Amino acid sequence: MTTSDHDVDPDAPAQGGAHGAAPGVVISDDPTEAGDPTVDRLARAIDPPGRSERLKALPGRALDALGASPLEAWVSLAVVLGCVAFVFSQLGPGNIFSDSTPAGGDMGAHVWGPAFMRDHLLPSFRLTGWTPDWYAGMPAYHFYMVLPSLAIALLSYVIPYGVAFKLVAISGLVTLPMAAWAFGRLTRLPFPGPPLLAVGATAFLFDRSYSILGGNIASTMAGEFAFSISLSFALLFLGVVGRGMETGKHRALAAVLLTLTGLTHLIPFLFAIGASLVWLVIALARRTGWPLRVWWLFGAGAVGSALTMWWLLPFYLRSPYMNDMGWEKRTQFVDLLFRRENLDGGLSDSPRIELVLVLAFLGLVMSIAWKRRTGAFFVLASIGVAIAFVVVPQGRLWNARLLPFYYLMLYLLAAVGIAELGRTIATLVARDPSKPPRSITAGTAVATCLVVLVALAMPLRSLPGGSVQADGSYRWLFLSTTDSSFLGSWARWNFSGYENKPAYPEYHGIVSTMADLGETEGCGRAMWEHESAHDRYGTPMALMLLPFWTDGCIGSSEGLFFESSSTTPYHFLMQDELSSAPSNAQRELPYSPGAPTQTEFDIGVQHMQLLGIRYYMAISEPMIEKAQASPSLTEVATSGPWAVFTVADSEQVVVLDDQPAVLTGVDPGHGWLDAVVPWYEDPTQWSVFLAADGPDEWQRIAPGETPERIPTEPVAVTDYEAGTDTISFQVSQPGTPVLVKTSYFPNWQAEGADGPWRISPNLMVVVPTDTEVTLRYGMTGVDWLGWLVAALGLVGLVALWRAGPLSFPEPRSWRPRPDSGPAPPPPGLGGDLASPGASGEASAEAPAGRAPAPDAGVPAGAFDPASVILAEVPGVAEPVEGPAPDGPGSAPGPDGPPTDDVSPAHGTAPVVDPVPASEVPASEAPAADPDAADPDGGSRP
């Protein structure tokens, strides 16, 4: 295009032009030349700038919009950032950015995982695989969520590993208030609702009634940081679903968010799927378009789920090989849902559940009065989760893991109640109920935020100028409390790291000793005596990091991913025989009462030999004495209170003296465990191993039957070598069963041998067909099927993106007037349950296609932060995604079908996400439109 030197006649007849430009309009390419704003917007709509130009323009446009934003926008920004800053400050920024190795609870053992992924899986271009580091080997990330560890691994390439780990670990905590605010914006909750949702989410984070279930700070410090991250994704997903149920848009975005939720943690993924159905129930209030909304949700859900199938499908189909720790269903339903009086030791009902329930009831009432979809969602979701908590049966899904979702819904519903109470007061005191005073709604947000943050900070004892009194109470200004929160000390303990613990020299000493033994005596697995006092190192699980500190040379018999290996129960039975104070972590196993006797200890030594354990590490005097008395153990080193012994006859590959017996009618899960544990506990039965399958010539027996001893041909095994996911050896002649003391999993494949098959307790057996045998952990048909479904999901994602939005019909009122249509609500009230865009915001995405007033443009203050999530560049026309519904204001665009947002004077207007009408200064407000949405949520009378 070129610049014209003559004036443009606005009344010139249509002539067309390059790129379909408006008639008579000549648009300059010179960005420095001033022009008519309306013409400029029209030019961008007809000939939009390239993606790179739009991305470059985004920061400037956002800053310009923020600079002229109304009071509500600045209050929202201050409240949300204040919540985020408060959460971050309580976690100890100094420790977070220190290059220490995180400790504390499960988190101190999680340190192993991302480092293993970075050093072994990613170089092999894999996200899942095999590790020999824990439990005689186990599938790595086959049964544990991938994305958080992947994020840590990738980030550790550019910043220190400890810092990368801590930043990712807290990311779910600092983003949850932002996700809650975004949920409010996406579901069109009017101000001050969205910022108060951030406040409600912050209160949830500091809930001290549970410490391992997930979502809050206590659970995150205990190691459930993947849950916290997934919860933020889940809340964003549900917000996008809420918006999509209105507009028909954003199916592809919802699918991506569901995928991120599922690959980060499975339990929030299940919650997200279940809670998304609540939006379908709420959509019934519109009385029209429900099948289309079902199709919208099905498309987004199916594609989002398919994209997770490269991990989720093998997870599900191989789940019989998972271990079940036997978590017991919680049955104190009334107490945990409504009272929280009988909590585990060290926990407290803070914030008080009675207060949260009262405010949540206020939210219920206000949501009914104002007809708020957002409040209705929280009500129905909380009821659904509470019912699920009661009815979910005993099984792998521990019903207590559902409680965080119930509590979060209550906190957010309470925030809705406070927000709508503030709006109600503002409406009642206003001269014009349709224009409630902005100072009251803004004051509601600010005052509530300050009250909540002070209430949370008092037990944390972290307010500036506060002091601890002689009686142990904490005082700040005129406030005083005797309550003391453990959350701050937990964060300091975790993030100060192993290196800053008083017992670090002792811990460093034993780790260094084991590393030295690996060099002198050879690498191998280590069984270490358990005692709760190991917490002085940073966590009772500190020695699970032996492979982390020794670069995989010394493995640990115990690891954090208890469910990932079917060898786990046999480890805990062995630990019971070799520890003065065993953890007995897995339920329903035949543990012996009290400290082990010498006979029980000797059986434990035989178990170490069976499982190929090379080193035994004892710390208590009774265990050291018993180890010194055992002829199969040789003391080779000491370090502080520790004594280290080598275990004789613990070769990794041995020939079986007798032919195995195949168990029939046994499932690979509980059935296998029940049949094998009696065999494992009685070494006199070990002459004949029990197998899950094998050659036809092997005998078949039912569980409990005594097998016949059938001797095998003796052969020699030599040249054993093992890598991360490979095992090789040679035999003097083929045909004799060989026991491989590595945990079984179906992905193991053999070359030069038949098998491998599962053999008691959870090891592998092969029958060589050649003198050279190699086992590799590879891909199976289950894995390839998962990747195929994920690839189809990627195709579906592209299809959703290209298909654009669905066109929903206009909602119908439940009480229409025969003469003049739907009855208007009272001034200042109204609702959003049956009217698009009516949550205190005029919707640019309303299906009816209502248009802004001619020449009104987009006020500089009409910056909607949600548009950063849902639009490419505010103020730049979106491409037409599909046919818009016919209705007032719909007209053919210059290059395509009718669009929703059309100005009669200028053709297609830019698609933006406008600010609520109540937030636009009177001087900038467009002329009144009798068909426009009322700023408070209803139709103007």
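Visitor: How many salt bridges does the structure hold?

Guide: The structure holds 19 of them. Please keep in mind that this is a predicted model, where local features need pLDDT of at least 70, side-chain atom pairs count only at pLDDT 80 or more, and totals for chains, interfaces and linings use all residues. Residues are numbered from 1 along each chain as its sequence is written, and side-chain values use heavy atoms, with hydrogens and water left out.

Visitor: What makes arginine 208 and aspartate 483 a salt bridge?

Guide: The term asks for a side-chain nitrogen of Lys or Arg within 4 Å of a carboxyl oxygen of Asp or Glu. In arginine 208 and aspartate 483, the closest N and O atoms are 2.6 Å apart, so the pair meets that definition.

Visitor: Which parts does that pair tie together?

Guide: Arginine 208 sits in the loop between α9 (193-205) and α10 (217-221), and aspartate 483 in the loop between β5 (479-481) and α21 (487-496), so the bridge ties together parts 275 residues apart in sequence. Helices (H or I, at least four residues) and strands (E, at least two) are DSSP runs, numbered from the N terminus.

Visitor: Why is arginine 208 called buried?

Guide: Buried means under 20% relative accessible area, exposed means over 50%, and partly exposed lies in between (1.4 Å probe, protein chains only). Arginine 208 has 3%, so it is buried.

Visitor: Which residues are linked in a network of salt bridges?

Guide: Asp207, Arg340, Asp349, Arg352 and Glu354 are linked that way.

Visitor: What makes a nonpolar core?

Guide: A nonpolar core is a set of buried Ala, Val, Leu, Ile, Met, Phe, Trp, Tyr and Cys residues joined through side-chain atoms within 4.5 Å. The largest one here has 232 residues, and Met617 is among the members that touch the most others. Helix α19 (residues 403-429) gives this core its largest share, 13 residues.

Visitor: Which residues does methionine 617 touch?

Guide: Contact means heavy atoms within 4.5 Å. Not counting residues up to four places away in sequence, methionine 617 touches residues including Ile510, Met514, Trp528 and Trp642.
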